[in-house]
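Dear colleague,

Please find the structure below. My notes on its aromatic rings follow.

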Amino acid sequence: MASSFLPLAYASPSASLSSLENMKLAKLNLGSNCLNIDREKNNPFAKAKSLSRISMVASVNASRFEGITMAPPDPILGVSEAFKADTHGNKLNLGVGAYRTEELHPYVLDVVKKVEKLMLERGDNKEYLPIEGLAAFNKATAELLFGADNAVIKQQRVATIQGLSGTGSLRIAAALIERYFPGAKVLISSPTWGNHKNIFNDARVPWSEYRYYDPKTVGLDFDGMISDIKAAPEGSFVLLHGCAHNPTGIDPTPEQWEKIADVIQEKSHIPFFDVAYQGFASGSLDADAASVRLFAARGLELLVAQSYSKNLGLYAERIGAINVVCSSSDAATRVKSQLKRLARPMYSNPPVHGARIVANIVGDPALFNEWKAEMEMMAGRIKNVRQKLYDSLSAKDKSGKDWSFILKQIGMFSFTGLSKVQSDHMTDKWHVYMTKDGRISLAGLSLAKCEYLADAIIDSFHNVR
């Protein structure tokens with residue numbers, strides 16, 4: 001790109017002047033052109049001079065950003081834009097992972113509204129938080145994840161700082177890996193959440209994939225997963241979805257989690273959990289944290305990114321945390337100091353509103369129970385939709401295809417097994433908007449729309465190749 005500026009630099013002596021001076025000079029020269037136009041008609045060098053002036057004006061108007069190309073649209077958020085532009089009455093947006101009511105409206109939890117009212121009445125200020133975030137939130141989120149009586153909490157072996165939801169927390173962790181584990185590779189499931197690769201690419205952390213999804217069974221390729229983790233260089237970071245794997249909805253069984261922990265321990269890998277759905281997958285905060293607690297109980301050092309977008313519906317508040325479990329409290333103190341050091345030039349300090357909401361809810365027994373009840377309600381609605389979709393597919397599809405994989409998956413997503421061409425057909429003919437890997441968000445589906453969706457899936461699966 002630098003070479004593209006060379007002709008401009010030599011087009012005129014004014015190239016070394018500021019942009020403003022160049023603009024003034026250009027105007028002066030243009031004015032001079034008008035006054036001398038008659039003289040130039042009879043001047044044999046007029047044509048050459050004119051071309052020189054045009055070149056100079058071009059040098060003034062050329063953008064310094066000319067070499068920047070248009071970025072491709074985001075594969076997930078772009079789905080919503082296309083959905084909004086569609087006017088069809090039966091259109092469905094099953095692309096973005098955001099909870100909807102049975103009427104397909106966004107939902108703000110009642111307990112969140114209640115706490116926000118209390119915060120307003122109390123007159124909480126808007127002062128800057130420390131770099132690590134709100135202390136009450138950090139305490140609450142670590143205890144929620146590991147359990148208040150867990151040894152890692154009691155022994156103060158967890159370094160926790162508030163992050164910008166799950167994405168920001170993952171990005172801080174990636175920066176930690178890049179700085180203190182140079183050359184270490186991160187293993188990512190195939191497939192995974194679309195932003196994982198972006199995060200590690202941006203942090204300049206090398207990554208490779210381990211097998212996870214088996215298209216033949218629309219289930220977990222457990223043998224492939226174990227084989228790839230075993231084959232990875234010793235001391236690699238293994239990115240695991242704590243529950244409700246995105247995009248497949250396929251989670252290992254408790255027995256499989258034990259085996260995964262065995263292999264990671266044998267290879268001296270470092271487990272790195274992305275926990276975006278605690279309480280939202282099964283309806284139980286403890287059940288959804290079981291995988292993380294299993295690894296912590298083994299004495300392993302590990303990283304865990306958390307998000308409260310789904311389980312508290314705080315999508316726009318960007319509230320989450322990065323937790324690093326260390327072998328000692330001294331190590332945790334040092335790690336926390338470096339997490340803060342990494343956060344400071346990125347965003348200085350995190351936002352306070354969402355942190356106060358979480359801290360107030362978790363810190364008050366009555367509000368906490370209210371939250372758990374609402375989580376169970378949300379998780380229950382998605383389970384009901386999942387069951388209704390399976391029933392509709394089974395009743396309508398006369399081919400004998402087994403659709404039971406839909407019931408075996410968990411959380412807000414279902415991996416349908418549809419190809420990109422079939423997914424495009426879902427959109428083009430049926431106005432069902434989804435990601436091109438065949439993932440649908442059941443959180444954006446209502447019971448009333450299950451039969452329509454079943455018709456679309458059956459048509460696309462059997463008639464499009």
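Both Y277 and F413 are buried (under 20% relative accessible area, with exposed meaning over 50% and partly exposed in between; 1.4 Å probe, protein chains only). The model is predicted, so local features need pLDDT of at least 70 and side-chain atom pairs count only at pLDDT 80 or more, while totals for chains, interfaces and linings use all residues. Residues are numbered from 1 along each chain as its sequence is written, and side-chain values use heavy atoms, leaving out hydrogens and water.

Rings of Phe, Tyr and Trp (its six-membered ring) are paired if their centres lie within 6.5 Å; planes under 30 degrees apart count as stacked, over 60 as edge-to-face and the rest as tilted. The count by this rule is 16 aromatic pairs. In one of them, the ring centres of Y277 and F413 are 6.4 Å apart and the planes stand at 85°, so this pair is edge-to-face. Because Y277 lies in the loop between β8 (270–275) and α13 (285–288) and F413 in strand β11 (residues 413–415), the pair ties together parts 136 residues apart in sequence. Helices (H or I, at least four residues) and strands (E, at least two) are DSSP runs, numbered from the N terminus.

The rings of F368 and W371 have centres 6.0 Å apart and planes at 55°, so they form a tilted pair. Both F368 and W371 are buried.

One aromatic cluster is formed by Y99, Y107 and F280.

Finally, the charged end of K401 sits over the ring of W403, 4.9 Å from its centre (NZ of Lys or CZ of Arg within 6 Å of the ring centre and within 35 degrees of the ring normal).

Yours sincerely
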